[in-house]
Structure formats: C-alpha cells, structure tokens
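Subject: Structure for you to look at

Hello,

Please find the structure below, with the sequence alongside.

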Amino acid sequence: MGLPMSDPTAWATAMNNLGMAPMGMTGQPLLPDFDPALGMMTGIPPINPMMPGLGIVPPPIPPDMPAVKEIIHCKSCTLFPPNPHLPPPATRERPPGCKTVFVGGLPENGTEQIIMEVFEQCGEVIAIRKSKKNFCHIRFAEEFMVDKALYLSGYRIRLGSSTDKKDTGRLHVDFAQARDDLYEWECKQRMLAREERHRRRLEEERFRPPSPPPVVHYSDHECSIVAEKLKDDTKFSEAVQTLLTWIERGEVNRRTANNFYSMIQSANSHIRRLVNEKATHEKEMEEAKEKFKLALSGILVQFEQIVAVYHSASKQKAWDHFTKAQRKNISVWCKQAEEIRNIHNDELMGIRREEEMEMSDEEIENPAEMKETEESALVSQVEALKEENDSLRWQLDAYRNEVELLKQEQGKASRDEDTTKEQQLKLLQQALQGMQQHLLKVQDEYKKREAELEKVREDKLKIETLLENLKEQQSLADEEDKERDATDGQGNICTTEVEVLMTRLQHTFKQELSGVGASLEKRWKFCGFDELKMT
C-alpha cells in the first residue's frame, strides 16, 4: 500500500512532536536516519526506548508547553491542526487493556477507506465499526497504537478540496470500552497470576523443610530397639512416637501384647522423672526470683545513696558555690534519680505484696471454710495415694508376669544362661520386696489419712449441730417478739369500731363524702349543736 503523499514530511513532523519515530504507509520509517535521542523541536524530551512504540504509555508532555501540530496531507483528505491556544480535548478514563478508540465528528461523506487511510498510520487496524451518525469505533492490534490515534483528536478533516459541510468535520478521538479488549486484558492478567502462583509454589517447595522419616514396621528386633530407647532419656521422645504409631496401626495382638505392655510400663516410669524435672525448674525459678529481689534491693540502696548526695548538694552550704547551669543540671539529675528510684521501689513492693497475698483474709476469718479446704486437700491427697497404690500394683503384676516368663524360658535355655537368669531373678525378687515394703508404707499412710478424714468429719458434724441450735434459739426469740407485738396491739382501739359507733349516733355525727373515684375522702362532722341553733 505504498500511497504517495503530497507532503511526505508533514506526518513525520507530527510524529516527531510526540517523540515517536515517523512511520510510512507500509510500516517503514520515513526518515531512515532518524535519531530518537534528537528532537526536531526544542523542549521535547528525548525518546526512551522503553516508551512509545516500544512500551505501553507515551512520554508525558509538559502542561505549560503546548505541542505544535502541523497540517497532515493524505491521498483523499487533508487534516488541519486545531488552534494551539485552545485547551487540549477532554478524554475519559482509560479502560484496562484498551485497544479501541471512539472517533467522532467524521464527515457525512466519509467512508471506511478514508478512515483506514487516516488511522492506519498509527498502527495495524484490526476492525472498523462505522455508524450512520458520523462516528465509528476503531480497534488496533496493540495498546500503544491508541496513544498515537489520540494525537489526531481536535484535527479538522476535509475531503479533497471540497468546502461542502458534508465533506468536512472535526475529529474527536477518545478511549472506548470494548468487551474484546477487557477479555484479552483479563486473560493476560490471569496468565500473569498463574505464572506468579507457579513461581511462589516453586519458592515454597524450595524453602519447605524436609518431611520426617517414616516409622519402621513392627518386628521383634525393632521392638527390642524401641524398648532400649524408651529407657534412655535422650531418645525417649522418638521411641514414644514410634510406639504410638504402632499402637494406632493395630500391631497389638495376643502374641505381642506382653511386649507392648512392657514398653508402656517403661514409658510410665518416665512420669516420675518428668515430675522431678518440673520441681527442679520451679526451684530454679524461685531461686532466680530471690536473686532478682536481692539485686533489686541493692540497686534501691544505691539509688537512695545517690539521691542523698543530690539532696546534700542542694543545701545552702554547697548550693551557693555552684553556677546556674550546674544547679540546673543537679536539679534535673535529682528528679530523674527520684523517678527511677520510685519505679523500682514500687516494683519491689509489688513482689512483696504478691508473696503476702498467698494467705487471703477470707481463709483467716472463716474457719469453717478453712476446714473445708483442708478436707478437700486431704481428699485429693488420698486420691493421689490411691492412684499411686494402683500404679504400684500394676507394676507388681508386670514384674510377676516377667518372672513367670523367665521361669518358662529357664527350662528351655541352656545351663550357661541359667546363671544370668538366676541373677535376674534375684534382682527381680529384690525389686518385688522393695515394692512390697513401699506398698506397706503407702497403706499405712492411707490409714492415717482416713483417720484424719474421720476427725475432720466429726468436727464438721459438731459445727453443724451448733449452727442448728443457734438457728432454733433465733427462731424462738423471733416468736416471742411476735407474741409481745400482738399483746400490745390488743390494747389499741381499731378505727372500724369507731366508725361503727359514729354511725349509730346519727344525730350527733354526720358523714360527708368529697372527691370522685380514687380521690374519694370520708369526713365525720359533729352536729350535736345544730338542732339547738334551729330552735
């Protein structure tokens, strides 16, 4: 489509004013020696290769410097620039992914060929939708071509050399919102989001910690290894996890029940160790608190000494010898030291209050509640002793089972192994004796606790009987007071009796009613002398 131009430099000049390399009708540059870094007008910034024609948005034009537009000659029409003193044409907000423009003010006799001739200089035109009302929509292949088309907004178009109104018009180019552009832009955004999610997934997989090793399957050999690990404090957590996995998998059956019971028993033996560790940590925490309290008290003593130094320096004997600046500094230092001392003193007093508040006032005032708390503590101790007794019985049963197993295996084993098994039996017997002695001690303590509980219950019953006696005495006193009030009330004259008596004496007293409804009032009037007045 190499169409000749009457003024081939006009289009190049117009494109250069925008900072774009001028393109011909065939898409080739009109000026092969065009240097993008050099503008043909002063004040136009040099082109950036990442911007128009190569990027997304054109270079911004300073608002105080209007762009100079020139006449553009095409084959069948001519474009005249608008008045440079007029404000730039208004445009709507650019839709996302806009590739379509609205062109208004077309001549009535304008055709699609003329529109294509004018706007294909801005880039590849995909489609033109022309209306009968002198406007059309043009869709370009790329987004940056829309910016080139907006440059033609405000130009007056004339078809040929005719001066008829139907052959002239003023172009108005603006952004248009098209569904195809929005769809392509959304597809592009979704593709970018997929790429971003894929990149993040790769990063997460790269930084993800490795999965833990799988738990081995149950076997007699692995069972013996786990049993040894359960006895070791450093490997206890790993062995317990393996034991838990085996139990959840359903590896327990009649053949393996004894092995699992021995492993569970060894796991139970670690409870006492954990309790002792907790007690040691609590002891260390108490020691640390004591050390902190001592250190804080020493710091407070030093603060008191420093504040005493400031106060002694503030006395008149020494104060008169300091300058104003020195006095100011000393007073500021004294205030700061006093504030810090007060803060530390409040902290120490708070620690002491917390220690003193362990014994509450309610426990001191209410001995009945104290006894109830003591009773609950004794009950909890008795329950703990019961649990310990049960656990010791279970351990005894386990040791007996192990002894029976050893006796059964003793007949099958050789004589060389008899000596080692006898030693094991002796050790187990010694352990059984120790456990029995411990059981006896626990039973004695249990009996003592029960005796104490019975004493506490007897005291409670005595207190309850005393309370019931007091309540009965209180009720008797109340009844006597009510009887006295009743006897006192009999001596008084009732108002109803007075009214009955006054109604009988009609010649002496008269009843008068005043008011209506709820405000009705009764009044009695003495009328004994009224008859004398009438006579």
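The notes below go from the whole chain to single residues.

Some ground rules come before the findings. This is a predicted model, in which local features need pLDDT of at least 70 and side-chain atom pairs count only at pLDDT 80 or more, while totals for chains, interfaces and linings use all residues. Residues are numbered from 1 along each chain as its sequence is written, and side-chain values use heavy atoms, with hydrogens and water left out.

The whole chain

The protein chain holds 15 helices and ten strands. Both are DSSP runs numbered from the N terminus: helices are H or I with at least four residues, strands are E with at least two. Of the 535 residues in the chain, 24% are buried. Buried means under 20% relative accessible area, exposed means over 50%, and partly exposed lies in between (1.4 Å probe, protein chains only). The accessible surface of the chain comes to about 39300 Å², and carbon and sulfur atoms account for 55% of that. These areas come from the Shrake-Rupley method with a 1.4 Å probe; for residues, only the protein chains shown count as cover.

A contact means heavy atoms within 4.5 Å. Among the contacts in the chain with a separation of 6 or more, 62% are between residues 24 or more positions apart.

Confidence

The predictor's confidence in each residue is called pLDDT and runs from 0 to 100. Its mean over the chain is 79, and 80% of the residues reach 70 or more. Over residues 1-8 the pLDDT is below 50, and this stretch has twelve contacts in the model beyond near neighbours in sequence. Residues 21-58 also stay under 50, with 62 contacts beyond four places in sequence. Where pLDDT is low, the predicted coordinates should not be read in detail.

The cores

A nonpolar core is a set of buried Ala, Val, Leu, Ile, Met, Phe, Trp, Tyr and Cys residues joined through side-chain atoms within 4.5 Å. The largest one here has 32 residues, and V103, F119, I138, F140 and L152 have the most contacts inside it. Several elements give two or more residues to this core, including β3 (100-104), α2 (112-119) and β5 (135-140). Helix α3 gives the largest share, five residues.

What does V103 touch, leaving aside its neighbours within four places in sequence? Its contacts are F119, N134, F135, C136, I138, L171, H172 and V173. Of these contacts of V103, N134 lies in the loop between β4 and β5. The phi of N134 is near 65°, a positive value in a residue other than glycine. N134 counts as partly exposed because its relative accessibility is 25%.

C223 counts as buried because its relative accessible area is 6%.

Cysteines

How many disulfides does a search of the whole structure find? The search finds zero. A disulfide is counted as a pair of cysteine sulfur atoms within 2.5 Å. C74 is in no disulfide, and the nearest cysteine sulfur, that of C77, is 4.3 Å away. C74 is buried, because its relative accessibility is 13%.

The helices

Helix α7 (residues 257-268) has twelve residues and reaches 16 Å from its first C-alpha to its last, close to the 16 Å expected at 1.5 Å a residue. The expected span is 1.5 Å times one less than the number of residues. The buried residues of α7 are F260, M263, Q265 and S266. Q265 counts as buried because its relative accessibility is 17%. Beyond its neighbours within four places in sequence, Q265 is in contact with Q395, A398 and E402.

Helix α10 (residues 324-356) has 33 residues and reaches 48 Å, close to the 48 Å expected. Its buried residues include I330, C334, A337, R341 and L348. Among what covers them are α8 (270-313) and α9 (316-319).

R400 lies in helix α12 (residues 367-412) and is partly exposed, with a relative accessible area of 44%. The C-alpha atoms of R400 and Q429 are separated by 9.4 Å, although the two are 29 residues apart along the chain. A431, in helix α13 (residues 418-490), is partly exposed at 29%. A431 and Y399 are 32 residues apart in sequence and 8.7 Å apart in space, C-alpha to C-alpha.

Regards
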